[in-house]
Structures are given as C-alpha cells and as structure tokens.
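This briefing is about how two chains meet. Please keep the sequence and the model at hand while reading.

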Number of protein chains: 2
Amino acid sequence: MREEYRAELAEVTRLLVTMAQRVRTAMADATDALFSADQSAGEQVLARDTEIDTLYRQVEEKVYDLLARQQPVASDLRLVVTALHVAVDVERMGDLACHVAKIGLRRAPEVAVPEELVPVVRDMARVTDRMAGKITDVLEQADARRAAELERDDDEVDELNRQLYGLLLGTAWRHGVEQAIDGALLSRWYERYADHAVNAGRQIVYLVTGEPVGESTPA
Amino acid sequence: MREEYRAELAEVTRLLVTMAQRVRTAMADATDALFSADQSAGEQVLARDTEIDTLYRQVEEKVYDLLARQQPVASDLRLVVTALHVAVDVERMGDLACHVAKIGLRRAPEVAVPEELVPVVRDMARVTDRMAGKITDVLEQADARRAAELERDDDEVDELNRQLYGLLLGTAWRHGVEQAIDGALLSRWYERYADHAVNAGRQIVYLVTGEPVGESTPA
C-alpha cells in the first residue's frame with residue numbers, strides 16, 4: 001500500500017514537471033514576443049495557457065483519486081495536498097506569463113519596453129527563467145540545496161525591480177506615464193513569478209523529501 | 001458518519017466566515033488609512049495580517065484532520081478540498097489589503113491618491129467591500145444567487161479600473177510618473193481583490209450546495 005502510494009505520488013510529480021516545463025516555455029515565449037513586438041507569438045502564449053490549466057486539472061484529478069483510493073493519513077496526507085499547492089503556484093506562474101504577453105500585445109507593433117529598460121527587463125527575464133528551470137530540477141532530483149538557491153535568485157529579482165523603479169522615477173525618464181505604468185507592471189509580473197517559484201520550491205522540497213522548509217502562506 | 005462529516009465541514013465553514021470578515025475589515029481599514037494618510041492605521045493592517053494567516057493555517061489543519069479521520073471519498077472529498085481553495089483565495093485578499101496599506105504608508109504623511117482619482121478609488125473600495133460582505137453571506141446562507149451577483153460586481157470594478165486608467169493616461173494628468181504608477185497599482189489591487197472574491201464565491205457555492213458553478217482556475 002505504502003509502495004503503491006509512493007508510485008502514485010511520483011506520477012503526480014511527473015505531471016508537475018510537465019506543468020513547470022510548459023510554464024517556463026510560456027514565460028520565455030512571452031518575453032521574446034514582448035521584445036520583438038511579435039503579435040502572433042504573444043497570442044500563442046495566451047492560447048497555450050489553456051494547456052497549462054488542463055494540466056492543473058489533471059493534477060487535481062490525480063490527487064483526488066489518490067486521496068480516495070489510498071486514503072493516506074498524517075504526513076502522507078500532507079504530501080499529497082502539498083502537490084495541489086505546488087500546482088496552484090505553477091499555474092499562477094503561467095498566468096503571469098500571459099500578463100507579460102498582454103503588455104506586449106497592447107503595444108504591438110511598437111515594442112512595449114523603452115530602450116533604457118531593456119537591460120534590466122532582460123535580466124529579470126533571465127533570472128526568472130533560471131528559477132523556473134530549478135523548479136523542474138527540484139521536482140526531478142529532490143535537491144533541497146537547489147530549492148534554497150531560489151531564495152537568492154529572488155533577492156536578485158527584487159534588486160532588479162528596485163533598479164527598474166529607479167529608472168522609471170529618475171529625472172532622465174522621457175517616456176511619459178503610459179510606458180512608466182507598463183514598465184512597473186512588467187516588473188511586477190516577473191517579480192510575482194519569482195515569488196511563486198520560491199513558494200513552489202519550498203513546497204516541492206517538502207513534497208519530494210518529506211522535510212518541511214520554513215513557513216509560507218500561499219502567495 | 002455522513003452526519004458527523006457534515007458537522008465538521010460546518011466548522012470549517014465557520015472558520016472561513018471569520019477569515020472573510022477579518023479580510024473585509026482589513027481592506028476597509030487599509031482604504032481608510034490610505035485616504036487619511038494615517039501611518040499607524042496602515043501599519044496595523046500589516047500587523048494584523050498574521051492573524052489572517054493563522055486562520056488560514058487553522059483551516060488547513062482542520063481540513064487535514066477531517067480528511068484523515070473521516071476519509072471522505074468522491075464528492076465529499078472534493079468539498080473538503082474546496083474549503084482549502086476558498087481559504088487560499090480569502091488569504092490572498094488579505095495580502096491585497098496589505099498592498100493597499102503599503103501604498104498609503106509609502107507616501108504618508110502625504111495622501112497617496114491625488115484628488116482627481118479619489119472618487120473612482122472610493123467607488124472601487126465601496127464595490128469590493130460589498131463583494132467581501134457577499135462572501136460571508138454566501139458562506140452563511142448558501143445563497144447561490146448572491147454569489148452570482150459577485151460576477152456583476154466584478155464587471156463594475158473592471159469598468160472603474162478602465163475609468164481610472166483613462167484619468168491616468170488623459171491629457172489632464174499633472175501628477176507625474178510616480179503617482180500614476182501608484183494609481184495603477186492601487187487599481188490593480190482592488191481589481192485582484194474582486195477577482196479573488198468571484199473565485200471564492202464560485203467555490204463557496206460548491207462548498208455549501210454541492211453544485212459546481214462554472215469553470216475556474218485558481219487566481
């Protein structure tokens with residue numbers, strides 16, 4: 001029974017890996033579409049979000065199925081419900097990729113990101129992409145150290161967020177209000193994406209090792 | 001058993017009612033603190049968020065306990081996991097109240113909301129407060145019609161959001177970039193609060209009636 005339960009939990013984990021990979025691709029595509037002002041690429045990100053939602057439902061179904069058939073208690077029960085929390089975070093990361101794509105779409109065929117912001121937004125995209133990759137690693141290799149790195153990556157994203165605000169509010173800003181709002185929102189989407197990655201990472205460590213890692217409330 | 005299960009689920013629902021009431025108060029207090037630039041009131045909203053987080057943990061504990069002892073299957077199982085989803089939405093609404101308070105705090109002793117935005121932000125606060133009240137109603141009275149009203153309220157919030165953007169991006173705007181970003185973020189926080197209320201409302205209808213209401217992915 002315990003063996004069978006482990007095997008089923010591993011299947012849930014595999015679904016989460018697929019979800020995390022799709023979400024990482026979605027954010028990478030959204031970022032590319034943003035910088036190239038490629039409308040059809042942006043629209044594709046939005047269209048493909050339904051696939052991520054479907055994967056979320058599959059995790060949910062699998063979890064219900066597992067709960068009903070295996071009737072786990074105590075720590076086993078917590079583990080399987082944790083899988084659901086991870087799925088919620090990862091699904092939300094997919095939504096944030098859509099938000100990035102939408103900012104690009106609203107301005108296409110113009111590029112939504114003014115030149116001065118390009119380096120810092122590119123850095124945010126780079127760091128958050130690395131974070132999404134680590135989520136897959138942690139899921140596949142149960143590596144708690146890799147999850148701990150996510151917190152440092154998140155600090156880096158927060159610092160980039162501060163830099164970006166400095167540019168928006170600096171005296172050299174010459175793009176007016178609309179592009180400033182878009183810049184602030186963009187920064188926010190990457191930052192939230194990073195927050196959910198940290199949250200997911202923490203829960204995944206628990207999911208794959210059974211060891212709780214600090215406290216966190218759902219983001 | 002079925003009887004006992006119902007009674008325990010009712011206890012979870014009571015916890016959710018307390019949570020929803022606290023969150024409604026938090027947003028009302030955050031709004032007041034924002035308009036009065038009252039620093040200590042704003043800080044109190046942040047401090048009291050830990051109480052909401054604690055309630056969230058209590059729901060979680062109760063749900064684990066219920067799952068372990070009653071071992072519900074099929075629709076009963078879905079109901080109890082739904083309670084967890086509701087708690088996640090309501091907890092997140094509390095976080096958004098903190099976001100509103102933080103914008104007020106960043107500008108205190110100045111008022112963060114410029115005069116021209118006051119009426120529309122007040123309207124957003126009024127509609128979203130009504131929505132938070134309906135969540136408690138739906139939890140206590142299992143009234144699906146009341147939950148359906150939330151969708152219309154949400155449309156109203158979306159319209160107010162558009163109005164606010166119109167003001168920010170209009171030629172008459174004279175407050176510069178920083179206040180425009182704060183205005184856009186504020187609007188976003190109320191709008192997200194409304195989205196979570198709709199999501200929670202839908203799930204609560206399922207929780208208290210056992211009838212699913214449309215599709216939704218976690219917000």
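The model is predicted. In it, 40 residues of chain A are in contact with 40 residues of chain B. About 3500 Å² is buried between chain A and chain B.

**Extent of the interface**
- The size of an interface is often given as the accessible area lost when the parts come together.
- Between chain A and chain B, carbon and sulfur atoms give 63% of the buried area of about 3500 Å².

**Polar links and the chain A side**
- Chain A and chain B are joined by 2 salt bridges.
- In a salt bridge, the side chains of A:Glu61 and B:Arg78 come together at 2.9 Å, N to O.
- Across the interface of chain A and chain B, 7 residue pairs are in polar contact, with both residues at pLDDT 80 or more.
- On the side of chain A that touches chain B, two or more residues each come from helix 2 (39-70), helix 3 (74-107), helix 5 (144-169) and helix 6 (176-209) of chain A.
- By class, that side of chain A has 22 nonpolar, 6 polar and 12 charged residues.

**Helix 5 of chain A against helix 6 of chain B**
- The axes of helix 5 of chain A and helix 6 (residues 176-209) of chain B lie 9 Å apart, at an angle of about 130°.
- Helix 5 of chain A is therefore oblique to helix 6 of chain B.
- From helix 5 of chain A, A:Tyr165, A:Leu168 and A:Leu169 meet B:Val177, B:Glu178, B:Ile181 and B:Leu185 in helix 6 of chain B.
- This contact of helix 5 of chain A with helix 6 of chain B has 6 nonpolar, no polar and 1 charged residues.

Key
Residues are numbered from 1 along each chain as its sequence is written. Chains are lettered from A and ligands numbered from 1 in the order in which they are written. This is a predicted model: local features need pLDDT of at least 70, side-chain atom pairs count only at pLDDT 80 or more; totals for chains, interfaces and linings use all residues. Side-chain values use heavy atoms; hydrogens and water are left out. Contact means heavy atoms within 4.5 Å. Buried area is the accessible area (1.4 Å probe) that two parts lose on being put together, summed over both. A salt bridge is a side-chain nitrogen of Lys or Arg within 4 Å of a carboxyl oxygen of Asp or Glu. A polar contact is a pair of N or O atoms within 3.5 Å; within protein, one must be able to donate a hydrogen and the other to accept it, and residues adjacent in sequence count only if both atoms are side-chain atoms. Helices (H or I, at least four residues) and strands (E, at least two) are DSSP runs, numbered from the N terminus. Ala, Val, Leu, Ile, Met, Phe, Trp, Tyr, Cys and Pro count as nonpolar, Asp, Glu, Lys and Arg as charged, and the others, Gly among them, as polar. Axes are lines fitted to C-alpha atoms, for helices over the stretch in contact, and angles run from 0 to 180 degrees between N-to-C directions. Angles under 35 degrees count as roughly parallel, over 145 as roughly antiparallel, 65 to 115 as roughly perpendicular and the rest as oblique.
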